[in-house]
Amino acid sequence: MHNLSPERLRRAVVLVAVSVAVSGCTDLAVRLGLRTRLAGVPISAVSVALVTRRDHSAVSALGPGQSAQLVIVATNPEGQKFVTVGAGGGKVLFDSYVIDASVVNVSKRGRVSLPADPLLSEGRTGHLRITLVGHPGVAAELHIPVRYDIAYQLDFPGADGAPGMDGMAGFDGMPGMDALPAPVDPATGLPGTRGPGAAGSNGGDGGDGSNGQDGWPAANVRIWMRLARAEPDLLQVKVLSGVRQSFFLVDPHGGSLRVLANGGQGGRGGSGGRGGRGGRGGDGFPRGMDGQDGRPGSDGRPGGGGAGGTITVSVDPAAQRYLSCLSWSNRSGDGASGPAKIIVEPVSSLW
């Protein structure tokens, strides 16, 4: 077997590592030492934490629709640490543990998420119990409070109009024929006068671009808002548009909901095709005239913007002081503000 240089060995290791990452071959990764399982490793304690995916900062609570990354650290009797893959930056596979979850969901790669529907978590606390496979006595638990002081956003956009087709370019004109060579005078042997060159043909006109299509209007949106409870204040919000229905719990002290119902933008008009170039005049005496260039096609007109959706808000009198937590944008595709109406009236429980 040939000896590999350190550089070639390094490249081979990198190539294998990339192949493992792409193929997802967990068993091969374990055999190569890139990943590990804790079967047979004496472990005395396990700890667990949640961190953000972006900068791995600590996460103490989750709001509806939010997620975080799970980090599990196992410690052996000598104090050596074994950290999970992913956000933890270690080698230990998550299948080294049995993870029992309530209220929250946990993926095979350690992503912990809270359902977006607040009805599934209202009044409850997320909980994880993590047990080392084959060692039920080595376990850790994590309570995950639910928070509602987050910025929600909901979008009901109108589709943009399709762009117009560009016009076809005009055909270039044909060049004029060159005059025949001047005849030679048989008496003197001198060349005579050469004939005129033929004119080039005119270039064809470019085709017109077609008009862009109008943007589609946004859907109309109906919103109801009331106090879910008074101490501490928590807002119950229902948003309905067509068959799409969404529910929110909003902490008015830091939380908000923004609803978008903007119309689609009109499609751009197609560009007119360029005019064909006139053909070159043929050589001769005199030289033939060049053909005229064709006219460029006209650009198509842009489509009109779709209308913004109508926003109608019913707010219970007890929640009226928190209207600033609710905002919306319902502009047309051309930028004009759409209609909106706020009705202060009793709103019964929304679920």
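What does glutamate 141 count as at its relative accessibility: buried, exposed or partly exposed? The points below take this up in a predicted model.

1. Glutamate 141 counts as partly exposed, at 43% relative accessibility. Its salt-bridge partner is arginine 129, and the closest N and O atoms are 2.9 Å apart. Glutamate 141 sits in strand E8 and arginine 129 in strand E7, 12 residues apart. Arginine 129 is also partly exposed; its relative accessible area is 31%.

2. The two strands form a hairpin. E7 covers residues 126-132 and E8 residues 135-144; they pair in the antiparallel sense over 7 bridges. Isoleucine 130 stands opposite alanine 140 of E8. The hairpin has 2 residues between its strands, and glycine 134 takes a positive phi near 80°.

3. Arginine 37 and aspartate 95 form another salt bridge, with 3.0 Å between the closest N and O atoms. This pair links distant parts of the chain, 58 residues apart. Arginine 37 is in the loop between helix H2 (26-31) and strand E1 (45-51); aspartate 95 is in the loop between strands E3 (81-83) and E4 (97-102). Arginine 37 is partly exposed at 31% relative accessible area, and aspartate 95 is partly exposed at 43%.

4. Arginine 268 bridges to aspartate 166, with closest N and O atoms 3.4 Å apart. Arginine 268 lies in the loop between E13 (256-260) and E14 (311-315), and aspartate 166 in the loop between E9 (151-155) and E10 (221-230), so the pair ties together parts 102 residues apart in sequence. Both are partly exposed: arginine 268 at 44%, aspartate 166 at 44%.

5. The salt-bridge count comes to 11. Asp172, Arg274 and Arg277 are linked in a network of salt bridges.

How values were computed: Residues numbered from 1 in each chain as written. Predicted model: local features only at pLDDT ≥ 70, side-chain atom pairs only at ≥ 80, totals over all residues. Heavy atoms only, no water. Pairing = 2+ DSSP bridges. Helix = DSSP H or I, 4+ residues; strand = E, 2+ residues; numbered from the N terminus. Salt bridge = Lys/Arg side-chain N within 4 Å of Asp/Glu carboxyl O. Buried < 20%, exposed > 50% of the residue type's maximum accessible area, 1.4 Å probe, protein only.
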